[in-house]
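Here is a short report for a reader new to this structure. Please look over the sequence and the model first.

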Amino acid sequence: MANSPGIHDFQEIEEAQPDSEGYLVRPLVPQRGLVAFPAIVSPLALDTPGAAEAVSAALQAHQSVIVTALHDSEFTGKTLALEDVFSIGVEVAPGRILHMPNGSQTALGQGRRRVEIASIEPHAGYWLARARVIEDAPVKSRKIRATMQVISNLFKKIADLNENIPDEVLFYILNADTPGQLADLVIASLTLPIEERQRLLEMFDQVERLDEVGKLLGEELKVLELRDEISGQLQQEMDRTQRELYLREQLRIIQGELGEDDPFQAELTEVTRQIEQANMPPEVHSKAMKELVRLNMMSPLAPEVGIVRTYIDWLTSIPWAKQTTDQLDVKAAAEILEREHYGLAKIKDRILEYIAVLRLAAEKMHSPILCFVGPPGVGKTSLGKSIAAALGREFVRVSLGGVRDEAEIRGHRRTYIGALPGRIVQTMRRAGTINPVFMLDEIDKLGTDFRGDPSSALLEILDPEQNHAFSDHYLEVPYDLSKVLFITTANDLDPLPPALLDRLEVIEFTSYTDEEKLTIAQRFLIPRELEANGVSNLGLSFESSALNALIHEYTYEAGVRNLDREIANVARKIARQVTEEKPYPRRITAKQVYKLLGPAPFDDMRANDTDSIGVATGLAWTPFGGDVLTIEVSVLAGKGTLLLTGSLGEVMQESAQAALSYMRNRAEEFNVPNDDFDYFDVHVHVPEGAVPKDGPSAGVTLAAALISAFTERKVRSDFAMTGEITLRGKILPVGGIKEKVLAARRARIKKVIIPRQNERDLEELPKAVLRELQITLVDDMQQVLDSVLMETPAERRLDRLRKERDEKEDKDEE
């Protein structure tokens with residue numbers, strides 16, 4: 001801030017008189033970061049080359065000096081050139097030199113006139129500047145006077161808001177005589193960059209300079225008003241905070257007098273205790289303590305208190321070290337699994353192997369990531385509970401069906417209002433231990449949208465090499481999941497990404513046989529449903545005929561879920577009869593089932609029970625078990641078109657085309673004229689057209705039906721078949737053999753044809769099933785035809801149609 005003029009020492013020094021050419025010569029005082037203005041007293045730093053010597057010489061001669069700013073404020077050279085200084089400076093009357101405590105020298109100087117430096121030259125240890133005086137041209141008008149009044153009023157408002165402006169500066173500004181003097185006084189009073197000050201110094205037009213000053217004052221006033229507004233708000237907030245602290249301190253003293261504790265301090269003490277008892281890893285403990293320090297510094301009414309408090313609650317409530325002791329008795333575990341689940345020998349063996357290795361090398365092994373795959377209702381989820389019971393661990397389950405947001409798995413970042421950890425951390429909190437049996441149910445039902453891919457978030461969780469430091473977005477600290485036994489369930493593996501599937505140890509759950517369903521119903525379902533419906537004390541019993549009726553005619557499934565539902569339905573109806581005091585059956589027979597449940601929704605007989613031309617029975621696999629499908633082929637007069645109907649998928653359509661190509665390739669062997677394929681259309685239809693069908697396993701059945709339709713040899717209805725066919729007639733292996741064979745048995749088809757390479761899959765079938773069925777292994781289509789096609793008729797219908805057509809054409813030609 002510039003000082004006010006009026007120090008009498010300056011009055012003794014007169015302005016320099018120009019020579020005949022209009023130039024004056026005076027000592028040069030270059031300055032760093034200072035731009036002097038006329039009529040303004042400014043402190044002159046004498047630390048530039050020759051500055052102190054120039055002022056001393058001027059004082060001895062009672063002369064003025066020329067002050068100008070250096071282009072480079074960091075200038076340290078010993079010599080000076082005209083290019084090193086700004087050409088526009090000010091003639092200044094210097095005051096006496098002052099010696100500062102730090103050893104530096106300074107002097108006050110009063111600005112007189114603007115000058116333009118023409119040249120400089122060294123002289124006796126300092127530099128002399130030859131300069132031309134720049135006088136302000138006189139300006140008088142009403143507009144100028146009005147503008148000066150506006151500028152003065154603006155500066156007065158600024159002075160009211162800025163307490164750093166002295167009263168004498170305001171006095172001189174209000175009493176300025178000329179526009180140039182007013183502008184210079186205002187410029188010197190504002191805090192501006194040196195470049196801006198130099199630009200205004202070089203602005204010679206008084207009116208233009210005054211207008212520019214008016215803009216600067218307007219900007220300065222806006223800044224000061226905004227600062228004043230912010231300061232007022234801050235002051236109000238500080239006053240409110242101080243008042244709150246004062247009242248809270250009074251409340252604390254009053255509570256102390258009454259023998260009561262401060263609730264907030266008591267809560268902080270409790271949080272500290274929770275942190276110490278949580279047994280956190282050092283990194284997590286450090287994070288919790290930092291958050292506690294933040295919480296301690298906050299006002300109890302601050303909005304951030306709830307956010308920080310919730311975060312610390314999560315850190316202290318999830319398990320970090322607590323774990324259950326595993327029950328490593330393999331025999332006891334086997335008894336628990338056998339008691340709670342029937343069958344599933346392969347799965348039980350895998351669990352017992354895990355327990356055995358855990359007993360022998362617990363520190364070295366990684367927990368397996370199991371994936372139970374199979375149709376609904378075969379016991380995937382309930383087996384997870386039994387595994388937890390066998391190990392003596394907690395069991396928790398998360399259903400992933402329909403999850404589309406990655407944050408559901410990893411949590412939301414704390415920047416969001418209402419943020420929470422993901423389902424993994426939430427479920428671990430519910431488990432209360434670091435080694436539960438954790439079931440991720442319906443993993444194949446995960447979705448994907450713009451919020452991320454949840455299946456990708458599972459890659460870290462289900463990787464034993466990474467899950468020891470799982471990162472949840474909310475916690476922001478690593479969490480150890482390596483001791484968790486993860487079990488995932490799915491109905492179908494196709495939707496799973498390859499990277500995720502690679503991390504899973506897949507264990508397949510196949511369909512239950514009728515005998516297994518019967519045993520499960522007798523041992524588990526009936527006692528449970530009778531107890532659940534309040535009729536367990538009535539001495540009710542289900543005969544095998546009743547259960548067989550429920551299995552074959554009231555349910556159609558791979559598992560036992562619907563069977564359980566139908567048993568519960570029977571129990572509820574008997575419960576109603578008991579409460580209405582009506583007679584009720586104590587022995588449930590098949591007849592009683594029909595009476596209680598009404599007409600059966602499923603037909604126990606097979607759909608195709610007559611030897612027919614162009615009709616063959618195939619076997620299919622679905623996510624819900626095996627199924628029997630009928631393939632129908634009709635040959636019609638036409639132009640050789642192949643028509644496929646029945647909601648057939650792309651792969652199944654290609655199988656039909658391959659079967660037709662095989663047929664055409666061997667047409668001569670089958671005594672089928674080649675022109676039949678040009679004069680007749682082929683229509684392939686698979687009933688139940690509303691149900692989509694796909695896959696290559698119907699190739700054998702399609703070929704048998706096509707060859708039957710062209711040769712008019714009937715297909716034996718007591719055969720069912722499956723297998724993929726090539727153009728050369730080779731039979732390739734297919735999947736789902738167990739489900740398909742059981743579906744044939746359910747449909748009372750006793751003869752089944754499967755590819756020879758699927759012979760190993762027969763080991764999964766119970767011996768009782770194998771004894772009932774006649775299974776034929778084939779590796780060539782001719783073997784299938786030899787088994788399923790009957791004798792060739794004496795005359796084909798197609799031959800008669802061709803003959804009639806030829807006779808008609810001959811007659812038309814005549």
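Two strands count as paired if DSSP finds at least two bridges between them. In strand E6, Arg132 is the bridge partner of Glu116. The model is predicted.

Strand E6 covers residues 126–134. How many of its nine residues are buried? The count is seven, and the strand is mostly covered. E6 pairs with strand E1, residues 23–31, in the antiparallel sense. Five bridges join E1 and E6. Tyr23 has Arg132 of E6 as its bridge partner. E6 also pairs with strand E5, residues 105–123, again in the antiparallel sense. Here there are nine bridges. E5 and E6 form a hairpin with two residues between the strands. In that hairpin, Ala124 takes a positive phi near 55°.

| Strand pair | Sense | Bridges |
|---|---|---|
| E1 and E6 | antiparallel | five bridges |
| E5 and E6 | antiparallel | nine bridges |
| E8 and E9 | parallel | five bridges |

**The five-stranded sheet**

An open sheet has five strands with parallel pairing, in the order E8-E9-E12-E7-E13. Which strands are at its edges? They are E8 (395–399) and E13 (505–508), and each pairs on one side only. On average, neighbouring strands of this sheet are turned by 25° against each other, direction ignored. E8 runs parallel to E9, residues 437–441. Val398 stands opposite Leu440 in E9. Helix H14, residues 423–431, packs on the sheet and touches E8 and E9. The direction of H14 makes about 155° with that of E8.

**The second largest pocket**

The volume of the second largest pocket is about 600 Å³. It is lined by 24 residues. Nearest its centre lie Gly377, Gly379, Ser382, Arg528 and Val560. Which helices each supply at least two residues of the lining? They are H12 (380–391), H17 (514–532) and H19 (561–579). The lining divides into nine nonpolar, eight polar and seven charged residues.

**Arg728**

Arg728 lies in the loop between strand E21 (724–725) and strand E22 (731–732). Is Arg728 buried or exposed? Its relative accessibility is 68%, so Arg728 counts as exposed. The cut-off for exposed is over 50%. Leaving aside neighbours within four places in sequence, Arg728 is in contact with Tyr662 and Asp780. Met663 is 65 residues from Arg728 along the chain. The C-alpha atoms of Met663 and Arg728 are separated by 9.9 Å.

Note on methods:
Residues numbered from 1 in each chain as written. Predicted model: local features only at pLDDT ≥ 70, side-chain atom pairs only at ≥ 80, totals over all residues. Heavy atoms only, no water. 1 Å grid on protein atoms, 1.4 Å probe; cavity = no way out; pocket = protein on both sides within 12 Å on 5 of 7 lines; lining within 4 Å. Points joined across faces, edges and corners; volume = space filled by probe spheres on them. Helix = DSSP H or I, 4+ residues; strand = E, 2+ residues; numbered from the N terminus. Nonpolar A, V, L, I, M, F, W, Y, C, P; charged D, E, K, R; others polar. Buried < 20%, exposed > 50% of the residue type's maximum accessible area, 1.4 Å probe, protein only. Contact = heavy atoms within 4.5 Å. Axes fitted to C-alpha atoms, helices over the stretch in contact; angles between N-to-C directions.
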